[in-house]
Every structure is written in structure tokens, then in C-alpha cells.
Amino acid sequence: MAIRSMTVATTTRSLDGDMTVDEFKEWLRRFDVDRDGRISRDELRRAMRAIRARFTGWRSRQGISYADADGDGYIDDGEVDGLIEYAQKSLGLRIVAY
């Protein structure tokens, strides 16, 4: 299942405060450069660089490994919850349900 497109006004949103799950998905979708609806390790690394994370190559491999339930090397819509969990634990992002 691909990450579905949604219209959420988050294109200029800062990641300094809380963000909702939908805002996180929309922010992440901006890094899906090939528009296949999945996030690759390279796309995840670019997203991490955008928030000035350190060790982005290693962290992106860890993030894919943590969240990629089917083992295909990509994060799709059904696996985003695992990536959210990883982002909260390892990157310090605050992602809330509302």
C-alpha cells in the first residue's frame, strides 16, 4: 500500500513543536522524490538531513530496519506507524495523534 496523498498545510511547518501523525506523513511525503508512494533509505536520509539529524546514513538504515515490516527495503503507508515510533525514540520528534 502506498502512502496516500493528503492536503495538509505543512509545507513550511517547523519540526520544533508537536506535530500530528497526518502532518508527519505529509512532511515525509515531500521527500518521496520518485513519487512511488514509498520512502526509500535514501529518501529517509534526506528527510533526516532536513531536520539536521546527525549520522543520517546510519540512522536511515536503522529507521528502515525498524519500520520495514515486509522487508522490501521501503516504508509504505502501512509501515509509517513503525517509522513514527522510531522517529520519536531515536530522533526526538514529538508526534501526537490529534
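What percentage of the 98 residues of the protein count as buried? The share is 42%, where buried means under 20% relative accessible area, computed with a 1.4 Å probe and protein chains only. This is a predicted model, in which local features need pLDDT of at least 70 and side-chain atom pairs count only at pLDDT 80 or more, while totals for chains, interfaces and linings use all residues. Residues are numbered from 1 along each chain as its sequence is written, and side-chain values use heavy atoms, with hydrogens and water left out.

View 1. Helices (H or I, at least four residues) and strands (E, at least two) are DSSP runs, numbered from the N terminus. From that end, the order of elements is β-α-α-α-α-β. Among contacts with a separation of 6 or more, 49% join residues 24 or more positions apart; contact means heavy atoms within 4.5 Å.

**View 2. Helix α1 (residues 21-29) packs with helix α4 (residues 80-90).** The angle is about 95 degrees and the axes are 11 Å apart. The axes are lines fitted to C-alpha atoms over the stretch in contact, and angles run from 0 to 180 degrees between N-to-C directions. That angle makes α1 roughly perpendicular to α4, a label for angles of 65 to 115 degrees. From α1, the contact uses V21, F24, K25 and L28; from α4, V80, L83, I84 and A87. By class, seven of these residues are nonpolar, none polar and one charged. Nonpolar covers Ala, Val, Leu, Ile, Met, Phe, Trp, Tyr, Cys and Pro; charged covers Asp, Glu, Lys and Arg; the others, Gly among them, are polar.

**View 3. R45 lies in helix α2 (residues 41-50).** R45 counts as buried because its relative accessibility is 18%. Leaving aside neighbours within four places in sequence, R45 touches T56, G57 and S60. The buried residues of α2 are E43, L44, R45, A47 and M48. Their cover includes α1, α3 (56-67) and α4. After α2 comes R52, with a positive phi near 60 degrees.

**View 4. Residues 19-54 carry the UniProt annotation "domain: EF-hand", from an unreviewed entry.** Such annotations may be inferred rather than shown by experiment. The span is 53% helix and 6% strand, and its end C-alpha atoms lie 21 Å apart.

How values were computed:
Parallel < 35°, antiparallel > 145°, perpendicular 65-115°, else oblique. Buried < 20%, exposed > 50% of the residue type's maximum accessible area, 1.4 Å probe, protein only.
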